[in-house]
Amino acid sequence: MQYRTLGDQLEVSALGLGCMGMSDFYSGRDEAQALRTIDRALELGVTFLDTADMYGPWHNEELLGKALKGRRERVVLATKFGNVRGADGAFLRVDGRPAYVKSACEASLRRLGVDHIDLYYQHRVDPNTPIEETVGAMAELVKEGKVRHLGLSEAAPATIRRAHAVHPITALQTEYSLWSRDVEDEVLPLCRELGIGFVPYSPLGRGFLTGQIRRFEDLAEDDYRRHSPRFQGANFQKNLELVRRVEEIASAKGVKPSQLALAWLLAQGEDLVPIPGTKRAAYLEENVGALEIALTADELARINAAAPQGAAAGQRYAEASMKGVHL
């Protein structure tokens, strides 16, 4: 396994494991299969595991607590707070109030069965609470030893700068892939200016860049991607063309499209640590294989030409959800 450092402080495996899909949003949940996949990740040297209290809701943290029992010291554990859901899964609000920060952390520690969280993110910025107040409360958790490092997710450049002035931000987690490259304009340069590590989520375009999804009907009825603009109508067909271009380059290289997409992302800088999610050990193994793929300057140029910034059709989220990003 290769390793990288987030924020010059937190050493993690160069590729992490996003655990969301093991409990929520994608069709088909199998706890035994998920536990086997986490076992395999640890065997392969993956140390960076990512979850959130909203996944399930709550079940994903409980799943990781079960998986890590007796081997907590082998992983860098990241979780998130701020997206509040009801027991029925309904989205209630985004909450960054100091009192909520502390209660959410206590609940996550309990579900995970640990005494500290290595990297604690604000999942979405609360537009009704100054970021200074939220990060101030997070900083108190660091002083209390309940959290080691702080992170933000989908925050705007001005917010990142203000947060970092209150307490060092170790990592920013934001969508970044061959079909979501907008962070290259301002967000990623700012992270590098401030020494903040970057954690790309959905590095495989929610599975689209794997080439496994060919028709809208391939998505199960309860798969949330059915509601994503990029998976609908004319957008779907246009995005298939992007995938076909990626597949052509991958075929010439003798690798999987998913591996090419991850290798490209890893080549964007040593400060990036992608967290592809999967429920299956076989796909996990394919993803880890991307670490062994070296791309030439010519290959990188071909990939950039095949999937330039803005190439994907449609917004990343439905309109209502887009209002909650980059605040």
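Colleague: Which residues touch the most other members of the largest nonpolar core?
Modeller: Leu17, Leu172 and Phe198 do, in a core of 85 residues. A nonpolar core here is a set of buried Ala, Val, Leu, Ile, Met, Phe, Trp, Tyr and Cys residues joined through side-chain atoms within 4.5 Å. Buried means under 20% relative accessible area, exposed is over 50%, and partly exposed is in between (1.4 Å probe, protein chains only).

Colleague: Which second core is there?
Modeller: A separate one of 15 residues, including Val76, Leu119, Ile275 and Val325.

Colleague: How are these values and numbers set up?
Modeller: This is a predicted model, where local features need pLDDT of at least 70, side-chain atom pairs count only at pLDDT 80 or more, and totals for chains, interfaces and linings use all residues. Residues are numbered from 1 along each chain as its sequence is written, and side-chain values use heavy atoms, without hydrogens and water.

Colleague: Where does glutamate 154 lie?
Modeller: In the loop between strand 9 (147-153) and helix 5 (157-166). Helices (H or I, at least four residues) and strands (E, at least two) are DSSP runs, numbered from the N terminus.

Colleague: Is glutamate 154 buried or exposed?
Modeller: Buried, because its relative accessibility is 0%. Glutamate 154 also has a positive phi of about 55°, although it is not a glycine.

Colleague: New topic. Which peptide bond is cis?
Modeller: The one from glycine 56 to proline 57, with omega near -5°. Proline 57 sits in the loop between strand 4 (48-50) and helix 2 (59-67). Tryptophan 58 is in the loop between strand 4 and helix 2 too. Tryptophan 58 has a positive phi of about 75°. At 32% relative accessibility, tryptophan 58 counts as partly exposed.

Colleague: And the helices: how do helix 1 and helix 9 cross?
Modeller: The axes of helix 1 (residues 31-43) and helix 9 (residues 281-289) come within 9 Å and cross at roughly 25°. The two helices are therefore roughly parallel.

Colleague: Which residues meet there?
Modeller: Thr37, Arg40 and Ala41 in helix 1 meet Ala281, Leu284 and Glu285 in helix 9. These contact residues divide into three nonpolar, one polar and two charged.

Methods
Axes fitted to C-alpha atoms, helices over the stretch in contact; angles between N-to-C directions. Parallel < 35°, antiparallel > 145°, perpendicular 65-115°, else oblique. Contact = heavy atoms within 4.5 Å. Nonpolar A, V, L, I, M, F, W, Y, C, P; charged D, E, K, R; others polar.
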